[in-house]
Amino acid sequence: MKLFSSVNDVTNINELVAEGLKLKQNPYTFQDLGKNKTIGLVFLNPSLRTRLSTQKAALNLGMNVIVLNMDKEGWALELQDGAIMNGGSVEHIKEAAAVMGEYCDIIGIRSFPGLKDRDEDYSESIFNKFVKYCGVPVVSLESATRHPLQSLADLITIEELKTKPRPKVVLTWAPHVKALPQAVPNSFAEWMCKADVDFVIAHPKGYELNTDFTNGATITNNQDEALQDADFIYVKNWSAYEPYGQVLPGNEDWMLTLDKLHPTNDAKVMHCLPVRRNVELSDEILDSDSSIVIHEAGNRVWAAQAVLKQMLHNL
Amino acid sequence: MKLFSSVNDVTNINELVAEGLKLKQNPYTFQDLGKNKTIGLVFLNPSLRTRLSTQKAALNLGMNVIVLNMDKEGWALELQDGAIMNGGSVEHIKEAAAVMGEYCDIIGIRSFPGLKDRDEDYSESIFNKFVKYCGVPVVSLESATRHPLQSLADLITIEELKTKPRPKVVLTWAPHVKALPQAVPNSFAEWMCKADVDFVIAHPKGYELNTDFTNGATITNNQDEALQDADFIYVKNWSAYEPYGQVLPGNEDWMLTLDKLHPTNDAKVMHCLPVRRNVELSDEILDSDSSIVIHEAGNRVWAAQAVLKQMLHNL
Amino acid sequence: MKLFSSVNDVTNINELVAEGLKLKQNPYTFQDLGKNKTIGLVFLNPSLRTRLSTQKAALNLGMNVIVLNMDKEGWALELQDGAIMNGGSVEHIKEAAAVMGEYCDIIGIRSFPGLKDRDEDYSESIFNKFVKYCGVPVVSLESATRHPLQSLADLITIEELKTKPRPKVVLTWAPHVKALPQAVPNSFAEWMCKADVDFVIAHPKGYELNTDFTNGATITNNQDEALQDADFIYVKNWSAYEPYGQVLPGNEDWMLTLDKLHPTNDAKVMHCLPVRRNVELSDEILDSDSSIVIHEAGNRVWAAQAVLKQMLHNL
């Protein structure tokens, strides 16, 4: 694997999930593989779980880890081709990416969407330029429109905890106070559409996701109906795709509460975190056994480790 | 040891001091103990000595180290139970701590007091919530009311450099320009009260410490009297406990100067650092052989290493 | 080697260059040398290449690396001797440096000039105080007036890619939008004056460098003439030495463009990066095979590794 940016970069998702679960049992078996290999983790936006879990995964594989918070420790990057750089940006992404590629065997990069220009965000121009210019294998630590390490960890979690061969998985929109990217729901949707699950997406009218990611999903505006017999409920806010990046008024009643779990099949509740308590999800769920959000976060390590192991094999 | 937050977490302080001094002689003996173990050092407030010395201690023990400056690299944490998180805080400490516990075998955390609400600070709510929710052993890197790694390093230093079995140790208040926490003097006092030393606390009227920490100490408002025959002088500013967090006018003459050392027993001068030169302590002391502040800072490594070694034994 | 701050700290630059090129062939041969040795990389100013390449070099040598962004993670240092520290600076460089020396076997430090007081900057007071007080070997990661690891990497690059025994090397001033230090051109000049090259410096009137660094160089205000038959062109902006730190109006036509390369000997174009595209250098050069700026940045690792290896030998 030379690139991990979406489910489409994975030849066989079941094998990758199985690999993750195997690594969870024996985390330190492949430390020779990463010896004297360096991963650079480049953050254009802040990170907690992604940074720590990927760092841990790399250390488990014997790698050296260099973290660079470009926004805090570095300087502003120029992203425009042909720019006359007489303004505030200090270095072009062409040079910055290429130079990091000189020092690292693999690079992980995180960049968020601006949520202003949809075409710009959905072209994944920052991420793609970085891939193009750095010249080494790249793993997405979340880009403008996808968060594939999160989705892989989610699928690992479902596979690990499911109690029937083909569980019902529901992605349900949740309220929030800020306009959030569509990266996590997009990514979760495209992974679930390829996984062996019954996949339903529930959201209020106006929060339709880009259909490129939801092909094969059942989509409804009725949360109650969606939750019926659910085995896993994935709670997540996102801003509107059209009008792009907007938060629509109302819909506070989409917050997931304990009573909404009654018609489910004793559903386990997932969330990528960070979560706004009592806005997206009630305390009573997060503090109950129904919640598997911490377990899910823990699985981020094995998702990252499975991907890095494949990349190391191909170096 | 599962928790290192105060002297009360230590079964035998003499053994811990001896362990620190033994590790100083042979720092790299126990690298198998820490192999594939990860310590997360989480800073809600900035750090120089504590971060570097704990990082070094962990590396000496063969551990992996992940540093997270939560205030700079992360986001604002919600600390209130039951909060409806529709404001500026992005993640509840319940999730943040629990997730870090998924990635780390031991966590060190630093949080400072607000110096506004004494009950809040002295309840150690941030530190205690972190301990409660992270689910792994925790070492305090300084909390609202204590700095135990500092105090252990101080005791190691006294034990190492004392020239008589039971030295006289004086903690003397010093002027400062800012309102500082009581954590260092509280902690130093409770360790000294358990150590084999004659312990005197000198401070201007109005700077009384919480008596929970000073039980057994001789307390005076007369600095000259206190310094008489002192073997070690520990210089430190703190803000008032009552009215809480206040800086009282005057007392500039409490700055320690060379002439004040004459009636001492050739006393060695200590300070936890950072120190305000010519405000807390005069240049002439800090630049003289009487000062052992750098040596003391160096011993922070062995204090941290002794504690981490005990924690690793119990994992 | 106990100090690497300028070309004058190097006994034999040819041997150091050869060492760098040898390490490039076998990066991991000397990992026993750095085992249980710790380098502290202290940044008073931001860094991309220098941090990553020095970190990589140290890891290649088996060292532990501790990075401290003093400006972001720490606090303001007092630099003035005798200061009464009742203002904004939290810790004197005397203590900060000495304490870091307690935890590190080697320290790398970066500090920039203020570009206001020339005597202050050229006295290298920050760098020199750090060296004086930390008590361990120090490598400059760029100081007020020099950037020796950059210059060593530049010389390694020239040695590696030259097609004749004594190439013509031209340092040419380039336009910029900000007032930049003279550190890189000073340093490049003093290294080139000691190397086996024909060295020419071209700059507009008013941008004369301090002659301490340029002794032996041919200096001209005619860029065309300088570039004639050049084998390597080193492009770099700097602010005026007199009046100190000023940007003089005009000189935009000093930007290096492809047509200026015609009279050269198929010159390779160098730059220390970050580079302002289409201000210092045109896109067409940076995107052409004439540019070796990325290769040059890659060689930063071997420069740092050669220096650290010598320091480790002397610990």
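In this predicted model, the centres of domain 1 and domain 2 of chain A, taken over C-alpha atoms, lie 25 Å apart. Domain 1 of chain A is assigned residues 3–146 + 299–313. Domain 2 of chain A is assigned residues 150–297. Contact between them draws on 30 residues of domain 1 and 32 residues of domain 2. About 2,600 Å² is buried between the two domains of chain A. Carbon and sulfur atoms account for 64% of that area. Three residues stand out on the domain 1 side: A:Leu115, A:Arg118 and A:Asn299 contribute 26% of what domain 1 of chain A buries against domain 2, more than any other three residues.

Polar links also cross the domain boundary. Three salt bridges are found between domain 1 and domain 2 of chain A. A:Lys24 pairs with A:Glu160 in a salt bridge, with 2.7 Å between the closest N and O atoms. Polar contacts between the two domains of chain A number 16 residue pairs, both residues being at pLDDT 80 or more. On the domain 1 side, helix H1 (13–25), helix H6 (118–122) and H13 of chain A each give at least two residues. H1(A) provides the largest share, six residues. By residue class, the domain 1 side splits into 15 nonpolar, six polar and nine charged.

A database annotation covers part of chain A. An unreviewed UniProt entry lists residues 5–160 of chain A as "domain: Aspartate/ornithine carbamoyltransferase carbamoyl-P binding". Over this stretch, chain A is 46% helix and 15% strand. The C-alpha atoms at the ends of residues 5–160 are 23 Å apart.

Chain A also meets chain B. The contact involves 30 residues of chain A and 31 residues of chain B. The two chains bury about 2,700 Å² between them, and carbon and sulfur atoms give 57% of it. A:Leu48, A:Arg276 and A:Arg277 supply 22% of the area that chain A buries against chain B, more than any other three residues. Four salt bridges span the interface of chain A and chain B. In a salt bridge between A:Arg51 and B:Glu73, the N to O distance is 3.1 Å. Polar contact links 15 residue pairs of chain A and chain B, both residues at pLDDT 80 or more. On the chain A side, two or more residues come from each of helix H3 (49–60), helix H11 (283–286), helix H12 (293–298) and helix H13 (300–313). H3(A) gives the most, with seven residues. The chain A side consists of 14 nonpolar, seven polar and nine charged residues.

Chain B is also in contact with chain C. Here 31 residues of chain C touch 30 residues of chain B. The buried area between chain C and chain B is about 2,800 Å², with 57% from carbon and sulfur atoms. C:Asn36, C:Glu95 and C:Tyr103 make up 25% of the area that chain C buries against chain B, more than any other three residues. Four salt bridges are counted between chain C and chain B. C:Glu95 is bridged to B:Arg277, the closest N and O atoms being 2.8 Å apart. The interface of chain C and chain B holds 15 residue pairs in polar contact, both residues at pLDDT 80 or more. Strand E3 (64–69), helix H4 (70–73), strand E5 (91–92) and helix H5 (93–103) of chain C each supply at least two residues of the chain C side. H5(C) gives the largest share, eight residues. The chain C side divides into 15 nonpolar, nine polar and seven charged residues.

Key. Residues are numbered from 1 along each chain as its sequence is written. Chains are lettered from A and ligands numbered from 1 in the order in which they are written. This is a predicted model: local features need pLDDT of at least 70, side-chain atom pairs count only at pLDDT 80 or more; totals for chains, interfaces and linings use all residues. Side-chain values use heavy atoms; hydrogens and water are left out. Contact means heavy atoms within 4.5 Å. Buried area is the accessible area (1.4 Å probe) that two parts lose on being put together, summed over both. A salt bridge is a side-chain nitrogen of Lys or Arg within 4 Å of a carboxyl oxygen of Asp or Glu. A polar contact is a pair of N or O atoms within 3.5 Å; within protein, one must be able to donate a hydrogen and the other to accept it, and residues adjacent in sequence count only if both atoms are side-chain atoms. Helices (H or I, at least four residues) and strands (E, at least two) are DSSP runs, numbered from the N terminus. Ala, Val, Leu, Ile, Met, Phe, Trp, Tyr, Cys and Pro count as nonpolar, Asp, Glu, Lys and Arg as charged, and the others, Gly among them, as polar. Domain bounds come from an automatic or database domain assignment. UniProt positions are given in the numbering used here, feature names are shortened, and annotations may be inferred rather than shown by experiment.
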